Amino acid sequence: IFYHGSISPNRGINLILDAINQIKKIFPNILFISISEANYYINDYCKLKKYDLNNYLLLVDVVSHERIAAYIKLADLCVIPLPRILWWEISSPLKLMEYLAMEKPIVLSNITAHLSVVPQNSKFALFFDPDDPDDLGEKIKQGINNIDQLKNNSFEGRKIILNKYTWDIQAKTLVNFVQNI
């Protein structure tokens, strides 16, 4: 399971840790990889919740942007746990774009920002309800149990990027918007 980027109480990292704690006995080889400058939050949260996750965590300090792709490539399942907060609902989900471009299976919250990019019936993505404390764990279990099918269909994520979200397409959209003001 893979996550990278900023960590704070409002980014949903706690949802991943709760899920790992829920399913670690079912999947004793599960490993959560986090690349962040704030991995201390993970350790603090585990202590607060009395979670014994040391054997299930690989916490990596920040790496250069050029190296992130190599880490994403290692992941079997990428997770974007953003909660249902207004600023995430209207955000531009860059991590999602990275995971899609690299053809990775993903588990992501069913917020508007994600649903506006990835169709809910996609065969490479699983959506979870960030307001349900057990749903992310269930979706990760489902993802692990169906990882081959998700991987076989993850090329569809790259198609989404190539058809809608390349820099050229985004530039044309911006120019079009400005011209129509």
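Is C78 buried or exposed? With a relative accessibility of 0%, C78 counts as buried (buried is under 20% relative accessible area, exposed is over 50%, and partly exposed is in between, using a 1.4 Å probe and protein chains only). C46 is buried as well, at 6% relative accessibility.

A quick word on the model: it is predicted, so local features need a pLDDT of at least 70 and side-chain atom pairs count only at pLDDT 80 or more, while totals for chains, interfaces and linings use all residues. Residues are numbered from 1 along each chain as its sequence is written, and side-chain values use heavy atoms, with hydrogens and water left out.

Back to the cysteines. A disulfide is a covalent bond between the sulfur atoms of two cysteines, and here the term is given to a pair of cysteine sulfur atoms within 2.5 Å. By that rule, the count is zero disulfides. Why? The closest cysteine sulfur to that of C46 sits in C78, 20 Å away, which is too far for a bond.

Next come the helices (DSSP runs of H or I with at least four residues, numbered from the N terminus). Two packed helices are described by the angle between their axes and the distance between the axes. For helix α1 (residues 13-23) and helix α7 (residues 135-145), the axes come within 8 Å and cross at roughly 60°. Those axes are lines fitted to C-alpha atoms over the stretch in contact, and angles run from 0 to 180 degrees between N-to-C directions. The crossing of α1 and α7 is right-handed, meaning that the near helix is turned clockwise from the far one by less than a right angle. On the α1 side, L15, I16, A19, Q22 and I23 meet L136, G137, I140 and K141 of α7, where contact means heavy atoms within 4.5 Å.

Now for the aromatic rings. The structure holds four aromatic pairs (rings of Phe, Tyr and Trp, the last by its six-membered ring, with centres within 6.5 Å; planes under 30 degrees apart are stacked, over 60 edge-to-face, and the rest tilted). One of them joins Y41 and Y45 in a stacked pair, 6.2 Å centre to centre with 20° between the planes. Both residues lie in helix α2 (residues 40-49), four residues apart, or about one turn of the helix. Y45 also pairs with Y51, this time edge-to-face, at 6.1 Å centre to centre and 70° between the planes.

Note on methods: Helices (H or I, at least four residues) and strands (E, at least two) are DSSP runs, numbered from the N terminus.
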